[in-house]
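Thanks for coming. I will take a few local features in turn, starting with how I use one word.

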There are 2 protein chains.
Amino acid sequence: MASKVRLFIDTPLALEQIIELSETQSHYLSNVMKLKLNDKFLGFDGKSGEYELQITQLAKKHLEAKVIQKQKSFQTPPDVWLLFAPVKKDQTDFIIQKAVELGVCKLIPTITRYTISDKTKTERFVAQSIEAAEQCRRVDIPQVLPAKSLSEILSNWDKTRPLYYMDESRTGLPVKDAFSAAPAPIALLVGPEGGFSKEELKLLRQLDFATGVTLGPRILRAETAVVAALSCWQALSGDWVNYKEQNECDF
Amino acid sequence: MASKVRLFIDTPLALEQIIELSETQSHYLSNVMKLKLNDKFLGFDGKSGEYELQITQLAKKHLEAKVIQKQKSFQTPPDVWLLFAPVKKDQTDFIIQKAVELGVCKLIPTITRYTISDKTKTERFVAQSIEAAEQCRRVDIPQVLPAKSLSEILSNWDKTRPLYYMDESRTGLPVKDAFSAAPAPIALLVGPEGGFSKEELKLLRQLDFATGVTLGPRILRAETAVVAALSCWQALSGDWVNYKEQNECDF
């Protein structure tokens, strides 16, 4: 079960339906994963849950499958957004993959003063978030927004969503104090290597909806800070608190 | 300050002392980092704290520096060990780097039933842990043990150190319940992709000193689980709780 192939299928799924898979997914199932006629795999449409599908027709570039059983009902993770400064390519890939595994609902690439890369490729980020959702068994696909500047994001902020920024200057709250009673909706902001500029910190500190958080005494790389912040929030106020009730996994 | 070069120097440091740097470090400082005569950098010996050093002699393969000022007194992070199953090369590198950033004292590569790699290179792991310590501004160097089998480790375990294993079968405690009052000394065990075998889980569940922990409802990759487990523990019972008192950073 744990090793069964799992795909995001970008068309609404329902029992007994026959689905035509895209050329890319047909190639992946038949040539890469070596599935044969009548073999089963898992599919989710990002809207109605997870299903078991069975291959009913198999050609090189054309594969059809029937939706035979519902495996998991639809659910979304807690309403947590991640605002992150794009870093080097591999680290950014990593941030997206980990954020999806850790249950982020919305990813917002955020350009700050010390952000080294402002060439963000939204399409690439979307593809990576889908791949990560397939792997971690999410039944929803997180939203990825095009990159925006920090000042633009902050000036249009919906103040009913508290924003927690990871403060490398060591003047924020300890994680435990910040996240122990910080229910969703919420947003976490992680800056680039080198942290926020003095002006950015000054701006953030003036905002009623923003709270600084310090991730301990050591210097963390940007991608470590993302994983740390999200894990701690999920553990203290997210869906790791009562995962047993929310989890329909069958293993 | 934050961008100053920082090196582990494997000889005891004391004020006013003249240090001869190794050929590799001399090359790094002069050719890679382009430091000149009288330039300053930071050094730590893993035993007595962090110092500022000034270059007093500069040749291609031979560099001398004087210890001119103490920057940080010696301190060790909380006594937390990480037992991890080596995975693919890049992921293992990543695990070591992140574990050091997150304040691990001892790293123990642990061979489990589903561990895909039993070729662990202790020397390589040591070099990586030193590099990570330099980068994250630790003043100590975590210990790296040679790889051992899980059964051997468990049969020789010092029972005064509780062991928390990340349980992918979703039968462990939620993180918040497990780590809210779990002071050091402590050890965290993260298995490979695919988790522990049934026999391993059965064994772990029988041990008085071992407690299962579940990292929420989604499937995490091995390296994500390492960062999540360590971050949550540091935030709840480690040195992220009262970092202000323990931190001597000057920024």
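When I say buried, I mean under 20% relative accessible area; exposed is over 50%, and partly exposed is in between, with a 1.4 Å probe and protein chains only. This is a predicted model, where local features need pLDDT of at least 70, side-chain atom pairs count only at pLDDT 80 or more, and totals for chains, interfaces and linings use all residues. Residues are numbered from 1 along each chain as its sequence is written, chains are lettered from A and ligands numbered from 1 in the order in which they are written, and side-chain values use heavy atoms, with hydrogens and water left out.

Salt bridges come next. By that I mean a side-chain nitrogen of Lys or Arg within 4 Å of a carboxyl oxygen of Asp or Glu. Over all chains, the structure holds 22 of them. Helices (H or I, at least four residues) and strands (E, at least two) are DSSP runs, numbered from the N terminus.

Both Glu101(A) and Lys98(A) are buried. They sit in helix α2 of chain A, residues 89-101, 3 residues apart, which is about one turn of the helix. Arg221(B) and Glu101(A) are both buried. Through shared partners, salt bridges join Lys98(A), Glu101(A), Arg221(B) and Glu223(B) into one network.

Within chain A, Arg6(A) and Glu50(A) form a salt bridge, with the closest N and O atoms 2.7 Å apart. This one links distant parts of the chain, 44 residues apart: Arg6(A) is in strand β1 (residues 6-8) and Glu50(A) in strand β4 (residues 50-58). Arg6(A) counts as buried because its relative accessible area is 7%; Glu50(A), at 1%, is buried as well.

Now to helix α1 of chain B. Its buried residues are Gln25(B), Ser26(B), Leu29(B) and Ser30(B). They are on the same side of α1(B) because they cover an arc of only 115 degrees around the axis, the arc being that of the directions from the helix axis to the C-beta atoms. The face turned away from that buried side carries the exposed residues Glu23(B) and Thr24(B). Cover for the buried residues of α1(B) includes β1 (6-8), β3 (40-44), β4 (50-58), β5 (63-72) and α3 (122-136) of chain B. After α1(B) comes Lys34(B), with a positive phi near 60 degrees.

Ser30(B) lies in α1, residues 23-32 of chain B, and its relative accessibility is 13%, so it counts as buried. Leaving out residues up to four places away in sequence, Ser30(B) touches Leu35(B), Leu58(B), Lys60(B) and Leu63(B), where contact means heavy atoms within 4.5 Å. A polar atom of the Ser30(B) side chain lies 2.9 Å from the backbone oxygen of Ser26(B).

That is all from me.

Terms used:
Polar contact = N/O pair within 3.5 Å; in protein donor to acceptor, adjacent residues only side chain to side chain.
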